[in-house]
Amino acid sequence: MTKSLKGIKRRTLVKSGLAGILATGVAPLVLTRGTYAQEYCNAPTGDTVTLGFNVPLTGPYADEGADEQRAFELAVEHLNGEGDGGMLPTYTPSVLTGQGVLGKKVAFVTGDTQTKADAARDSARRMIERDGVVMVSGGSSSGVAIAVQGLCQEMGVIFMAALTHSNDTTGKDKKRYGFRHFFNAYQTGVAIGPSLGKAYGNDRVAYHLTSDYTWGWTTEESMIASTEKLGWKTITPVRTPVGAGDFSQYITPVLNSGADVLILNHYGFDMVNSLTQAVQFGLKDKMVNGKQFEIVVPLVSDLMAKGAGPAMKGIYGTSNWDWQLEDAASQAFTKSFGAKYGQPPSQAAHTAYVQTLLYADACERAGTFYPPEVIKQLEGFEFDGLGNGPTLYRAADHQCFKDVLVVQGKETPSNPFDLLDHVDTASRESVTYDPAIFGGELGPDTAAMC
Amino acid sequence: MNAILAQLLNGLDKGGAYALIALGLTLVFGTLGVVNFAHGALFMLGAFCAVAFRQLITLETVTLDPEKLSPWGAPLEIRTPLAQSWFGDFGGVLIEYSVPLSILLAIPVMAIIGIAMERGIIKHFYKRSHAEQILVTFGLAIVLQELVKAIFGANPISQPMPSVLRGAADVGMWLGMGPNVLTYPWWRLTYFLFATAIIGGVFAFLRFTTFGLVVRAGMADRETVGLLGINIARRFTIMFGLAAVVAGLAGVMYTPLVPPNYHLGMDFLVLSFVVVVVGGMGSLPGAVAAGFLLGILQSFASMTEIKSILPGIDQIIVYLTAVIVLLVRPRGLFGRRGVMES
């Protein structure tokens with residue numbers, strides 16, 4: 001039998017070594033919950049967990065922001081077991097109990113992004129550093145969402161983006177800590193193309209007015225790809241400043257451009273202003289190249305349709321969701337939201353609500369708020385019962401894949417809320433694409449101490 | 001050619017707004033020597049006179065229709081404006097023409113606001129430096145916009161134009177170009193004519209009335225006019241009120257073009273100062289000429305042909321013009337020697 005220099009048996013040495021390995025390596029994996037509490041940003045320690053809702057309450061997207069905030073508050077109520085539960089009963093597979101998250105009551109703080117990236121980052125940083133939020137949600141501008149998503153990645157806090165439609169959010173600017181339920185500009189282009197071809201034919205000349213930031217650029221790019229595939233020609237697009245108010249100097253050149261379709265890559269109040277002003281200029285009554293002049297708004301919401309009023313009639317666009325969908329989940333959410341606020345929820349409200357539920361459910365399934373574990377639960381998660389049919393949170397880019405709605409401004413609304421007709425649905429398969437086309441890197445999931 | 005004419009019309013209608021604001025700003029500077037950074041806020045307050053007037057005449061009675069239910073099971077609300085219940089068809093006309101009618105509210109309200117502002121705050125800063133005047137009036141502008149935000153909220157509030165002025169006029173037909181060759185919105189043409197009328201009215205008031213004569217004399221030499229026993233300070237206070245009314249009316253008529261929000265004044269403030277500087281500090285014709293000039297240049301700079309050569313030129317044309325004008329004519333287009341010069 002071999003002995004060491006100090007007289008320790010080899011078997012004893014091996015046993016001791018194995019015990020040491022077990023003690024230092026395996027034990028932390030077993031004692032997860034207690035140890036994580038010290039290892040990541042804003043680990044909840046009391047009997048509440050705080051979420052941060054960072055929405056635009058001022059600026060060109062303020063309507064959407066206000067509706068997102070309503071939905072966030074409703075989601076928190078439902079998570080805490082108050083109200084009628086909304087989509088909690090329809091959501092599958094779900095481990096949500098309606099008794100908070102992981103036994104903790106859900107609390108929230110809100111902030112105004114002002115629809116500005118710098119203000120949004122300041123607000124999110126305050127929420128993380130001062131209010132101790134464990135997750136940030138919100139958006140209503142892709143510029144804002146990308147800026148906040150970058151900050152959340154640095155600080156190790158999960159960002160559940162609400163309304164952001166730029167390809168870049170889950171494309172070149174995607175982040176491991178960022179997740180988007182809303183659809184994107186590429187999917188808009190793929191979804192709306194066939195409907196435009198059917199309604200307006202294949203021989204058209206399009207003029208683009210585009211919001212001059214990431215969302216506008218990618219929407220313009222996607223719409224050009226989609227319409228040129230139909231055979232349409234494109235006049236050099238014109239970029240307009242966000243929040244311009246008066247778009248008349250950009251609309252006047254359309255009159256004599258030879259274009260017979262105006263594509264307004266605008267959103268929020270910008271879209272309401274540019275569309276109503278385009279109609280004031282008589283564009284919808286004009287005949288060009290022997291055809292009726294048409295206006296297209298790629299991304300449409302009920303709030304914008306309400307703001308634009310009669311100008312919205314007959315205008316084609318796409319939506320992530322519509323309160324008039326007849327599935328049980330959409331009806332449950334609409335009923336719950338309508339009873340509380342006296343109006344139907346917008347698509348911005350829907351995505352805000354859904355993101356909050358998805359995050360809470362991922363925490364329950366992970367058994368912890370520790371971000372890397374929550375991220376694992378969200379990546380590749382397949383779910384249903386949240387108003388969009390079967391949906392996949394793709395692991396490669398954190399983009400949700402589901403059906404996309406093609407809508408049209410209603411000609412004769414039956415009530416003040418009945419503003420959009422659902423004219424077509426692009427299937428999840430048709431709007432799925434290779435994540436490599438937009439590039440970008442998700443980055444590491446390393447937890448950070450903020 | 002049609003494209004150029006369309007941009008020219010657009011420039012004139014934009015320039016109308018700039019000229020009206022700059023005119024009021026110059027009136028205040030020319031008479032009282034005050035650099036009024038709250039002037040944009042007066043434009044915004046005028047716009048909210050239109051909003052308040054419409055809200056007042058569209059106060060509603062709400063009844064529930066038990067037979068029609070909303071998707072969430074609540075009875076649908078039927079809203080009837082009180083003006084219609086009380087005055088029938090005439091009430092409908094009041095609502096339809098709420099924007100032009102709100103001028104009747106805006107004139108006294110803006111005059112009172114202007115005079116109160118001058119007597120309450122600005123008169124205490126006549127002998128202070130321009131920097132201090134700018135600080136106090138800028139602070140005042142922020143207070144006013146926050147007040148409006150607190151009362152009316154942060155979101156823009158649409159103001160519909162009368163239905164007879166919706167849609168576009170066939171300007172091409174008037175110029176013998178054939179139908180639908182050159183169209184332009186009726187309300188924008190109305191705004192241009194309105195701005196021209198107000199500008200003409202202010203100039204006529206200063207040129208052809210005794211009051212205007214005294215004010216012009218006071219602008220040229222305040223001390224001598226005072227020595228003649230004329231209370232020039234009171235007349236200058238009235239001129240401040242008049243400047244507030246001009247800015248307010250510009251705001252009222254602007255509401256159907258862009259729904260007003262509390263920030264509207266700030267959006268116009270910098271631009272209107274550039275207009276005044278380009279026109280020449282203290283020069284009324286300069287303010288008007290520069291307003292129209294910059295409106296037209298801004299409109300032309302937005303043309304696709306121009307933007308394809310100089311991308312982003314539409315965003316900087318106003319400031320670029322100001323730089324060039326000040327390099328060539330340091331006192332602005334119509335500036336007088338000695339104004340804002342030590």
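Of the contacts in chain A with a separation of 6 or more, 72% are between residues 24 or more positions apart. In chain B of this predicted model, the share of contacts joining residues at least 24 apart, among those between residues at least 6 apart in sequence, is 73%. The points below take each chain in turn, and then the place where the two chains touch.

**Chain A as a whole**

- Chain A contains 13 helices and 17 strands, and its radius of gyration of 25 Å is close to the 22 Å that the globule rule gives for 450 residues, so chain A is as compact as a globular protein of that length.
- Taken along the principal axes, the box filled by the C-alpha atoms of chain A is roughly 100 × 45 × 35 Å, and 57% of the 450 residues of this chain count as buried.
- An unreviewed UniProt entry places the annotation "domain: Leucine-binding protein" on residues 48-410 of chain A; over these residues the chain is 41% helix and 21% strand, with the end C-alpha atoms 45 Å apart.

**The two domains of chain A**

- According to the domain assignment, chain A has a domain 1, made of 48-183 + 323-402 + 433-438, and a domain 2, made of 186-318.
- The C-alpha centres of these two domains of chain A are 29 Å apart, and the contact between them takes 20 residues from domain 1 and 20 residues from domain 2.
- On the side of domain 1 of chain A that touches domain 2, the elements giving two or more residues are α3, α5 (142-155) and α12 (347-366).
- Sorted by class, that side of domain 1 of chain A has seven nonpolar, nine polar and four charged residues.

**Helix α12 of chain A**

- The helix α12(A) has 20 residues and reaches 28 Å from its first C-alpha to its last, which is close to the 28 Å expected at 1.5 Å a residue.
- After α12(A) comes A:Gly367, a residue whose phi is positive, near 75°.

**A:Met449, in the segment after β17**

- A:Met449 is found in the segment of chain A that comes after β17 (420-426), and this residue is exposed because it has 11 other C-beta atoms within 10 Å, where a count of 12 or fewer is called exposed.
- Apart from its neighbours within four places in sequence, A:Met449 is in contact with A:Tyr40 and A:Cys41.
- Although A:Met449 and A:Gly156 are 293 residues apart in sequence, their C-alpha atoms are 7.2 Å apart in space.

**Chain B as a whole**

- Chain B has 15 helices and four strands, and its C-alpha trace spans about 75 × 50 × 35 Å along its principal axes.
- For 342 residues, a compact globule would have a radius of gyration near 20 Å, and the 22 Å of chain B agrees with this.
- Buried residues make up 44% of the 342 residues in chain B.

**Helices and annotated regions of chain B**

- Helix α2 of chain B, which covers residues 39-57, has 19 residues and reaches 28 Å from its first C-alpha to its last, close to the 27 Å expected at 1.5 Å a residue.
- Because 15 of the 19 residues of α2(B) are buried, this helix is largely enclosed by the rest of the structure.
- The annotation "transmembrane region", taken from an unreviewed UniProt entry, covers several stretches of chain B, including residues 42-59, 101-122 and 309-328.
- Over residues 101-122 of chain B the chain is 91% helix and 0% strand, and the end C-alpha atoms are 30 Å apart.
- Over residues 309-328 of chain B the chain is 85% helix and 0% strand, and here the end C-alpha atoms are 25 Å apart.

**Where chain A touches chain B**

- In the contact between the two chains, 30 residues of chain A meet 34 residues of chain B.
- On the side of chain A that touches chain B, at least two residues each are supplied by α3 (62-79), β7 (233-240), α8 (248-255), α9 (268-280) and α11 (328-341) of chain A.
- The element that gives the most to this side of chain A is α8(A), with six residues.
- By class, the residues on the side of chain A that touches chain B divide into 11 nonpolar, 15 polar and four charged.

Note on methods:
Residues numbered from 1 in each chain as written. Chains lettered and ligands numbered in written order. Predicted model: local features only at pLDDT ≥ 70, side-chain atom pairs only at ≥ 80, totals over all residues. Expected span 1.5 Å × (residues − 1). Buried ≥ 20, exposed ≤ 12 C-beta atoms within 10 Å, placed from the backbone. Contact = placed C-beta atoms within 7 Å. Nonpolar A, V, L, I, M, F, W, Y, C, P; charged D, E, K, R; others polar. UniProt positions renumbered as here; feature names shortened; annotations may be inferred. Domains from an automatic or database assignment. Rg over C-alpha atoms; globule rule 2.2 N^0.38 Å.
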